[in-house]
Amino acid sequence: MAATEPIRDKKQLKKLADYFLKKGQLRNYTLVLMGTYTVLRISDLLRLKWSDVYDEERRAFRTHITVTEKKTKKKRTIALNPQLLGALKQCYLHRRGDYIFANNRKEPKAISRVQAWRIIHAAVVELGIMGKVACHSLRKTWGYHAITNGDVSLAVVVDIYNHSSYETTKLYLGIRQDERDEAILKMTLF
């Protein structure tokens, strides 16, 4: 479970997303946002098609997606964050084929997990982002910030990840001793 780490610094997360945006790589920019905001595993992200996020009849983006997770076989409905919808709208204008994360070949198919890793890894190395950061880090990042910022209740975070307990989520998100210390020391109750 501790093979990858969340991106703990929001500035580094923004730097990673902006890296692709500045290069005009909208697919990769959307991959970072979607991986972070939907909390989906890379295998589920790469299977997403435009029809999952865009209703052709209404000519409008959906507010939610419903995914049956490959690993757990559980069905999840996920709200699409406004920032993510903005990225999807930009990316949609340049779509190639059915898959959101299509390759650049003549017959577009979804990029592979290995290719997704290469994309994220190369950017992380070039930007000097420290830690064990890979595709799965995107999934962990949302939960890490939800917990450490206190923006989302712990029960909701555990449920979003489909974990059986808080202990599993705590290990998964890599909550460290220095973060526990900081939480206790900065709290003033009296």
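Is D55 buried or exposed? That was my starting point today, working in a predicted model. I looked up its relative accessible area and got 15%. The cut-off for buried is under 20%, so D55 is buried.

Next I checked the partner. D55 forms a salt bridge with R58, and their closest N and O atoms sit 3.4 Å apart. R58 has a relative accessible area of 55%. Exposed means over 50%, so R58 goes down as exposed. So this salt bridge joins a buried D55 to an exposed R58.

Then I noted a reminder to myself: side chains of opposite charge can pair when their charged atoms come close.

On to D44 and R47. Their side chains meet in a salt bridge, with 2.7 Å from N to O. D44 is at 1% relative accessibility, so I wrote it down as buried. R47 is at 40%, which makes it partly exposed.

Where do R41 and E69 sit in the chain? I found that they form a salt bridge too, at 3.7 Å between the closest N and O atoms. R41 is in the loop between helix 2 (26–37) and helix 3 (42–45). E69 is in the loop between strand 3 (64–68) and strand 4 (75–79). That puts the two 28 residues apart, and the pair links distant parts of the chain. I checked burial here as well: both R41 and E69 are buried.

Last entries. R41, E69 and R76 belong to one network, joined by salt bridges that share partners.

Key:
Residues numbered from 1 in each chain as written. Predicted model: local features only at pLDDT ≥ 70, side-chain atom pairs only at ≥ 80, totals over all residues. Heavy atoms only, no water. Salt bridge = Lys/Arg side-chain N within 4 Å of Asp/Glu carboxyl O. Helix = DSSP H or I, 4+ residues; strand = E, 2+ residues; numbered from the N terminus. Buried < 20%, exposed > 50% of the residue type's maximum accessible area, 1.4 Å probe, protein only.
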